[in-house]
Amino acid sequence: MIRKILTTMLAVLLSSTALQAAPLAADSVSHRKKVAVVLSGGGALGAIHVGALKVLEEACMPVDMVVGTSMGSIVGAFYSVGYNSDDIATMLRTMDWAELFLDHEDYNRLTLSDREERDTYIYERDFYVRGGIDPQPGGLIRGTSVERAFTRYLHGYTDSLNFLRDLPRQFACVATNLVTDSAVTLTRGSLVKSIRSSMSIPGVFTPVHMDDMVLVDGGAKNNFAADVARALGADIVIGVKFDLGLGTDKEYRKLMDVMERSAGSDVSRRARANEKYCDLVVKVPVRGYTSGSFTRSALDTLMAKGEAAMRAKMDSVMILKRLSGAAPSHDYSLHLRDVADAPQNVETDCGLIDTRADKTLQAALGLRFDSEDLAAVQLGARYYRAGSVGRQLDLTVRLGMRSMLRLGFDIEPRQHRRMGLGYEIWYKYTNIYTHGHRTNNLSHMYQKANLKLFSVEAMNFDCEVGLGWEHYHIFSELWNDKSDMRFNRNEHYFNYHARLRYNSENDGYFATRGVCAQASYGYYTDNFANWKGHSGFSAVQALLRVTVPLSRSTHLRPSLYGRFLFGDDLPALMANMAGGTPFGRFFPQQLPLPGLGHVELMESKLVGASLRLQQRITGRHLVLLDGGVAEQSDRVKGLFDDKPMWGVAASYFYDNAFVGPLGLSIGWNSRSHRVDVFLCLGYNF
């Protein structure tokens, strides 16, 4: 009894942790000793805890309390609400860790224009202007995706709680309070916010403001909180921690290795000192792995290492079980919930998400490289003012072989209802081919002004009606004897246009479900009434694309699309053009054709159909097989009289969550009769 009192007093004196727990509820295990498991932090290295917990379950070892830091707090929280080790292992394997480290909102609840921005930029950050508090202080990542994932798996325990009373297992986690430069033990409040605080890597995630505290990763002060477990009343403490080993001088030549070793030296001393509060310490060797080893194979290996290390201590585990007074044949596991039952959508509101805040400037950065356009950089900025009539100012700058400046100003009489004015100017250097041979080279400027008379946005849908002005100025034009096309140096058009879009696809590049349908109409003149002294000409464009799942990893994506021009004296620069993978790559009216990697001029009536087989090999690795046909003519009736063009392409892509798709495509098209190879790194813009 005296030994127990002295041990508890020593824990309180030596710990720099400010305990904020409410008084413990009546001991539900009064007939035996209370057993606590302490789980250390370490990023991906925390996967070792899952394997260790699996062995404790097999031994029918009672676990009454879990104390965790950083990644240990995540595993510990899941374990405390009733998931078993197999469920937690499934979570770690299936979580998209790259997405969790991005501030992405629910894709299908964004407007179509916001989805396009998300599929363009690799990084976005918010700033307040004209005073106010920085909406994203002290970190690169706000942590919205992380909190949404925690909320999903911790459903039913997302209200304000006492973690020592209201959870199936008692739980506590450790964070660092930047205000007092001390460790803080969190035992009440929001469970989601608490573990989000405990794992908030300083400088990476924004700190969590809780009461008068500013909280970051608990690993900065107490990465192995065995002292906390003793102070909270644990009689038997089992600790699990990773062991990096000392290594040699040749093993500290990578930046991550050097940073982890140097930053963790003081924390390691504290962790070693806290071992004296444990009845059993299980050290798991993790040489060759780092806190960023979130690949599925690495996580599986780390879980296996944790299991092996705990299994090697099985004799000690069984001794502690007997000392705890646990019944030998009683099953103390608390498998109260199944990971398969976690809700897919944790949002209570199913409407559109407005990501803008009043007086906020949102800045964005996009980077891209491909074998045709070379390197490109795009910068975006959006400033928003709320009020009875919302106002938004947009600026976009693109630098590369196709350079662009875009300005826009919108007013919102009602949310998602807009009117506005936009202007953009491009400088383009473009090659045009005829049957696979380069025949024209254009260096030109393209200007466009748009008066948005009416625009409305809804779930998966938007429409716009407006007036426009377009102007082409050709600085230089080169052609060879195979070219039969000449371009006017200066041309401008006034247009009346309307556009409808519906898109329920769940991804802008590699969708696994959903439908995309678009239709637009434009009437073009040179004086708002006529074109070259007679009626204006019209352009009609449409697209329909459906994603059909064949299995969880295999999908078919059939598409139908086309563009029809009606009228006389059609200008060459408004003619139908085809080639490339995305729509509108070099010219706004450009349509893609499988296997055709360059721009080709087409007749005034053009329709195409394509079919994509999308196979996800594993993780983010995909193989795409594309095939398509197209017909063209100057007359609608003669559209299918000639032999169709056709093409095929095979592609490999790595769907990188941070910089965008990384891929290589090889194709062939009957129009060009040549093999086309295209390498791209990054999002399309």
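**Surface and overall build**

The protein chain exposes about 30700 Å², and carbon and sulfur atoms supply 59% of that area. The model is a predicted one. Of the 685 residues in the protein chain, 52% count as buried.

**Fold and dimensions**

- The protein chain contains 13 helices and 36 strands.
- The C-alpha trace of the protein chain spans about 105 × 55 × 45 Å along its principal axes.
- Among contacts in the protein chain with a separation of 6 or more, 65% are between residues 24 or more positions apart.

**Charge**

- The protein chain carries 77 positive and 74 negative side chains.
- The centres of these two sets of side chains lie 4 Å apart.

- Phe369, Leu374, Leu664, Ile666, Val675, Val677, Leu679 and Leu681 make a nonpolar surface patch of about 650 Å².
- Two or more residues of the nonpolar patch come from each of strand S35 (660-669) and strand S36 (674-682).
- S36 gives the largest share of the nonpolar patch, with 4 residues.

- Leu664, one of the residues in the nonpolar patch, is located in strand S35.
- Leu664 has a relative accessible area of 39%, so this residue is partly exposed.
- Patch residues need over 30% relative accessible area, and the 39% of Leu664 is over that cut-off.

How values were computed
Residues numbered from 1 in each chain as written. Predicted model: local features only at pLDDT ≥ 70, side-chain atom pairs only at ≥ 80, totals over all residues. Heavy atoms only, no water. Patch = residues over 30% accessible without salt bridge, like charges linked within 9 Å, V, L, I, M, F, W, Y side chains within 5 Å. Areas by Shrake-Rupley, 256 points an atom, 1.4 Å probe, with all protein chains shown as cover. Salt bridge = Lys/Arg side-chain N within 4 Å of Asp/Glu carboxyl O. Buried < 20%, exposed > 50% of the residue type's maximum accessible area, 1.4 Å probe, protein only. Contact = heavy atoms within 4.5 Å. Lys, Arg positive; Asp, Glu negative; His and termini not counted. Charge placed at Lys NZ, Arg CZ, Asp CG, Glu CD.
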